[in-house]
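Please look through the sequence and the model shown here before reading the numbered points that follow.

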Amino acid sequence: MNSKILDTFISGVELFNKGETLAGHAKWESLWKVGDLEIRKWIKGWLQFSGSILNVFAEKREGAIYLAGKSINNLSDEGISSSIVDVDLAITDMSNLREILKNDSYTLEDTYVIARVIKIKLISFKYKRGVDFLMTSEH
């Protein structure tokens, strides 16, 4: 994977983690639009991840539940992200959000607050050109 694609993905993660979910989603969508089949397969789970949260903010519970399930499946099946972000943590967070959305005892306002605290944890990784970077994010 080239560094421009990686930089765009990380930029999307950073925007997402700052609470700019739509801007992060747009960064990942730009990868989808220009990516080959491998890139599209990789980024699809992250688009669904952010899409689920955007649906929470739009008060579209059923859409959020659907996209949460799709993102869990797609993130579980891909291997590129695991060297960049903590995929298992993202899947756990999305699974928890999905269960909360399915539980009618939570209001949409409650789920909005819960969705706002979800962050994607960046981890240590190497660019192919051999330069080490340590990316950290609090969860």
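**Notes on the predicted model**

1. At 52% relative accessibility, E59 counts as exposed, given that exposed stands for over 50% relative accessible area, buried for under 20%, and partly exposed for what lies in between, with a 1.4 Å probe and protein chains only. E59 is found in the loop between α3 and α4, and it has a positive phi of about 60 degrees although it is not a glycine.

2. Residues are numbered from 1 along each chain as its sequence is written, and side-chain values use heavy atoms, with hydrogens and water left out.

3. The protein chain has six helices and two strands, where helices (H or I, at least four residues) and strands (E, at least two) are DSSP runs numbered from the N terminus.

4. Of the 139 residues in the protein chain, 44% are buried. The accessible surface, computed by the Shrake-Rupley method with a 1.4 Å probe, comes to about 7,500 Å², and 52% of it belongs to carbon and sulfur atoms. Among the contacts (heavy atoms within 4.5 Å) with a separation of 6 or more, 59% are between residues 24 or more positions apart.

5. Which residues touch the most other members of the largest nonpolar core? They are F9, W28, W42, W46, F49 and V85, in a core of 33 residues; a nonpolar core is a set of buried Ala, Val, Leu, Ile, Met, Phe, Trp, Tyr and Cys residues joined through side-chain atoms within 4.5 Å. The elements giving two or more residues to this core are α1 (3-17), α2 (21-34), α3, α4 (61-77) and α5 (87-102), and the largest share, eight residues, comes from α3. Leaving aside residues up to four places away in sequence, F49 touches F16, S71, L75, A90, M94, I118 and I120.

6. I39 is found in helix α3 and is buried, with a relative accessible area of 9%. Not counting residues up to four places away in sequence, I39 touches I5 and L31. I39 and I80 are 41 residues apart in sequence, and their C-alpha atoms are 9.3 Å apart in space.

7. Is T111 buried or exposed? T111, which is found in helix α6, is buried, with a relative accessible area of 0%. Residues up to four places away in sequence again being left out, T111 touches V56, L97, I100, L101 and Y106.

8. Rolling a probe the size of a water molecule over the atoms shows where empty space is left. The structure holds one cavity of 30 Å³ or more, a cavity being a set of points, on a 1 Å grid over the protein atoms alone, where a 1.4 Å probe fits but cannot get out. The largest cavity has a volume of about 40 Å³, where volume is the space filled by probe spheres set on the points.

9. The residues lining the largest cavity, meaning those with an atom within 4 Å of a point, are F16, G19, T21, I53, F57, A115, R116, I118 and K119. Two or more of the lining residues are given by each of α3 (37-57) and α6 (108-116). The lining divides into five nonpolar, two polar and two charged residues, where Ala, Val, Leu, Ile, Met, Phe, Trp, Tyr, Cys and Pro count as nonpolar, Asp, Glu, Lys and Arg as charged, and the others, Gly among them, as polar.

Definitions and conventions. This is a predicted model: local features need pLDDT of at least 70, side-chain atom pairs count only at pLDDT 80 or more; totals for chains, interfaces and linings use all residues. On a 1 Å grid over the protein atoms alone, a cavity is a set of points where a 1.4 Å probe fits but cannot get out, and a pocket is an open set with protein on both sides within 12 Å along at least five of seven lines; lining residues have an atom within 4 Å of a point.
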